[in-house]
Amino acid sequence: MNKSSWIVVAAVGAGLLAACQEQESESTSGRNRYGYQGTAAGTEFATPTPAPEATPPVQETTQAPAPQPTPQPQVAPTRDIPYATPVPGKPGFVTSPFAAYAGYVDVRGYPPGTEVKCPYTQKIFLVP
């Protein structure tokens, strides 16, 4: 490095050092290293907060716990999902209720009542 580069590096370092010292003085906000905050004269200290009073220990009662109510069974909301139409003469194939003329859908291996996604419209229908 040449001499002018060192001068630039030194100037930048001095600027950063000054910025850090300003930030440190702002962050302490008038407190000394022990955490006391002085007044304008610098002779008085802030009053410490009082310690919380000790609470008496809680005595255990001999009452039996209240019985918990039994939870109600959750009923699944009914959805209006249409059934597909079976193709006559081709077991295991159906036509989608959403795309009746698009083609057949192979549902071999799916039990009746199973939800299947239509490959043409991506909507759900039930296997008959």
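## Surface and burial

The accessible surface of the protein is about 11400 Å², and carbon and sulfur atoms hold 59% of that area. Accessible areas are from the Shrake-Rupley method with a 1.4 Å probe, and for residues only the protein chains shown count as cover. Of the 128 residues, 11% count as buried; buried means under 20% relative accessible area, exposed means over 50%, and partly exposed lies in between (1.4 Å probe, protein chains only).

This is a predicted model, in which local features need pLDDT of at least 70 and side-chain atom pairs count only at pLDDT 80 or more, while totals for chains, interfaces and linings use all residues. Residues are numbered from 1 along each chain as its sequence is written, and side-chain values use heavy atoms, with hydrogens and water left out.

## Helix, strands and sheet

The protein has one helix and five strands. Their order from the N terminus is α-β-β-β-β-β. Helices (H or I, at least four residues) and strands (E, at least two) are DSSP runs, numbered from the N terminus.

Three of the strands make an open sheet in the order β1-β2-β3, with antiparallel pairing. At its edges are β1 (85-86) and β3 (104-106), each of which pairs on one side only. Two strands pair if DSSP finds at least two bridges between them. Strand β2 (residues 93-95) is joined to β3 by three bridges, and the two run antiparallel. Across from Phe93 stands Asp106 in β3.

## Nonpolar core and contacts

Eight residues form the largest nonpolar core: Ala84, Val94, Val105, Val107, Val116, Cys118, Phe125 and Val127. Such a core is a set of buried Ala, Val, Leu, Ile, Met, Phe, Trp, Tyr and Cys residues joined through side-chain atoms within 4.5 Å. In soluble globular proteins, nonpolar side chains tend to be buried together.

Contact means heavy atoms within 4.5 Å. Leaving aside neighbours within four places in sequence, Val94 has contacts that include Ala84, Val105, Val107 and Phe125. Among the contacts in the protein with a separation of 6 or more, 23% are between residues 24 or more positions apart.

## Loop residues

Tyr83 sits in the loop between α1 (3-28) and β1. Its C-alpha is 5.6 Å from that of Phe125, although the two residues are 42 apart in sequence. Beyond its neighbours within four places in sequence, Tyr83 touches Pro97, Leu126, Val127 and Pro128.

Ser96 belongs to the loop between β2 and β3. This serine is buried, at 2% relative accessible area. Its side chain reaches the backbone nitrogen of Phe98 at 3.1 Å. With neighbours within four places in sequence left aside, Ser96 is in contact with Val105, Cys118 and Phe125. Gln122 lies in the loop between β4 (115-117) and β5 (124-126); Gln122 is not a glycine, yet has a positive phi of about 65°.

## Salt bridge

The structure holds one salt bridge, defined as a side-chain nitrogen of Lys or Arg within 4 Å of a carboxyl oxygen of Asp or Glu. The side chains of Asp106 and Arg108 form this bridge, at 2.9 Å from N to O. Asp106 is partly exposed, with 37% relative accessible area, whereas Arg108 is exposed at 54%.

Key. A polar contact is a pair of N or O atoms within 3.5 Å; within protein, one must be able to donate a hydrogen and the other to accept it, and residues adjacent in sequence count only if both atoms are side-chain atoms.
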